[in-house]
Amino acid sequence: MATSAAAPAARLYMGYFCPFSQRTWVTRNFKVLQEEIKLVAIHVQDKPAWYKEKLYPKGTVPSLEHNNEIRAESLDLIKYIDSNFGGPALLPQDPAKRQFADELITFADTFTKALYSPLMSHVEMSEEAAAALDKIEAALSKFNDGPFFLGKFSLADISYVKILERVQIYYSHVRNYDITEGRPNLEKFIEEMNKIEAYTQTKYEPMFLLDLAKKHLK
Ligand SMILES: N[C@@H](CCC(=O)N[C@@H](CS)C(=O)NCC(=O)O)C(=O)O
């Protein structure tokens, strides 16, 4: 009897301490794709030459090798993984929620830059960073059928949570600024995220993350 070979597992090239990689890692965990997507750890500060030469010329992680193609950019990858693999869907069918998800996912890069920028210069807290936090605080009240951006847990939450986790630690220790102060939705969001195992599996001790980042923080 002829047997058909199982499709080879996809490979997710990632840095365990890289927040962008961690978005794809959380997505994989939540969709229970440990067999379908194998993690290949890359040392971000000391990348092997083959990664850039043979796999992904831009050289950043994460990237995904699937069906003999390489894809990259974490915000694109989480959407790709959600639509091309099994497991619970991480985007809703509802068109209004879907459109809001796209807007939020697109804003995640701007949010990241706004929050990191004061930390990389000698600025206490910028208007852009406070406005970006206020924007997501307001976004969290748009749908009231749950504590997440779209009510239920989705890719929108995954786009922000690993950045929020870090900037909460950095601002608290380096700027004495609590990003959740006066932002109750954000506080509740972080509390609820900490009940999602797919996310908590990717967390490290705050002091460890602070130590890793210290040489970049001003
Ligand atoms: N926009 C990219 C950013 C990826 C990124 O900057 N990754 C870092 C590690 S956290 C990296 O690979 N840096 C090394 C390099 O730029 O060569 C994404 O979202 O995937």
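1. Which residue in β2 is the bridge partner of Tyr13? The partner is Val40. Strands β1 (10–14) and β2 (residues 37–41) pair in the parallel sense, over five bridges. Two strands are said to pair if DSSP finds at least two bridges between them.

2. A word on the source. This is a predicted model, in which local features need pLDDT of at least 70 and side-chain atom pairs count only at pLDDT 80 or more, while totals for chains, interfaces and linings use all residues. Residues are numbered from 1 along each chain as its sequence is written.

3. Nine helices and four strands make up the secondary structure of the protein chain. Helices (H or I, at least four residues) and strands (E, at least two) are DSSP runs, numbered from the N terminus. In sequence order the pattern is β-α-β-α-β-β-α-α-α-α-α-α-α. The radius of gyration is 18 Å, close to the 17 Å of the globule rule for 218 residues, so the protein chain is as compact as a globular protein of that length. This radius is taken over C-alpha atoms, and the rule is 2.2 Å times the number of residues to the power 0.38.

4. β1, α1 and β2 form a right-handed β-α-β unit. Right-handed means that, with the strands pointing away from the viewer, the path from the first strand over the helix to the second runs clockwise.

5. Helix α1 contains Val26. Val26 is buried, because 26 other C-beta atoms lie within 10 Å. The cut-offs are 20 or more such atoms for buried, 12 or fewer for exposed, and partly exposed in between, with C-beta atoms placed from the backbone. Beyond residues up to four places away in sequence, Val26 touches Ile158, Ala198, Tyr199 and Thr202. Contact here means C-beta atoms, placed from the backbone, within 7 Å. Val26 and Gln201 are 175 residues apart along the chain, yet their C-alpha atoms are separated by 8.1 Å.

6. The largest nonpolar core has 46 residues, and Phe149 is one of those with the most contacts inside it. Such a core is a set of buried Ala, Val, Leu, Ile, Met, Phe, Trp, Tyr and Cys residues joined through C-beta atoms within 7 Å. Helix α6 gives the most to this core, with nine residues. Leaving aside neighbours within four places in sequence, the contacts of Phe149 include Leu104, Ala139 and Leu140.

7. Of the 218 residues, 31% count as buried.

Key:
Two residues are in contact if their C-beta atoms, placed from the backbone, lie within 7 Å.
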